[in-house]
Amino acid sequence: MKNIIKRKMIKILNGNKETRLTVQVADTQRKRDKGLMFVRKLPENEGMLFVFSEEIYGGFWMKNTLIPLSIAFLDSAGVILKILDMEPCIKDICPIYDPEISYHYAIEVNLGWFEKNQIKVGDYVMLG
């Protein structure tokens, strides 16, 4: 059976502003490991939501990722704790982007998408 990735619409609340983002849901180890590897273009208001079964500590890497991304790390309530920018890497050894905090979810989007949409640490993501 093919590993089908679910898509869903999430909303990010920043004060009175609501920004919608369509995400692919990576909710298994296999989907999280693959992430956005080999993706050549990500539509403007699309991204990937990484769902972990419990809070985790550790970073993401960009091995075999072809496009620059920004990543937001969220707590279990959906509050953005940290945002990092990440560069593509097609080498054997790639840097790890570690938020140095525990988190429950992560959202990857095109580089600069959060900034362009004035989304920042402390904003709330409605995941349901």
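**Labels and their cut-offs**

Guide: Let's start with K31, which is buried at a relative accessible area of 9%. Before we go on: this is a predicted model, where local features need pLDDT of at least 70, side-chain atom pairs count only at pLDDT 80 or more, and totals for chains, interfaces and linings use all residues. Residues are numbered from 1 along each chain as its sequence is written, and side-chain values use heavy atoms, with hydrogens and water left out.

Visitor: Why is K31 called buried?
Guide: Buried means under 20% relative accessible area, exposed over 50%, and partly exposed in between (1.4 Å probe, protein chains only). K31 has 9%, so K31 is buried.

Visitor: What makes the meeting of K31 and D27 a salt bridge?
Guide: The term asks for a side-chain nitrogen of Lys or Arg within 4 Å of a carboxyl oxygen of Asp or Glu. Their side chains meet at 3.4 Å, N to O, so the pair qualifies. D27 has a relative accessible area of 28%, so D27 is partly exposed.

Visitor: How many salt bridges does the structure hold?
Guide: Six. Another one joins the side chains of K120 and D123, at 3.4 Å, N to O. K120 is partly exposed at 44%, while D123 is buried at 6%. Salt bridges with shared partners also tie K6, D27 and K31 into one network.

Visitor: What makes a set of residues a nonpolar core?
Guide: They must be buried Ala, Val, Leu, Ile, Met, Phe, Trp, Tyr or Cys residues, joined through side-chain atoms within 4.5 Å. The largest such core here has 19 residues, and F50, F60, L69, I71, F73 and M86 have the most contacts inside it. Strands β3 (46–57), β5 (69–74), β6 (80–86) and β8 (102–110) each supply at least two of its residues. Apart from it lies another core, of 16 residues, among them I10, V23, I107 and F114.

How values were computed
Helix = DSSP H or I, 4+ residues; strand = E, 2+ residues; numbered from the N terminus.
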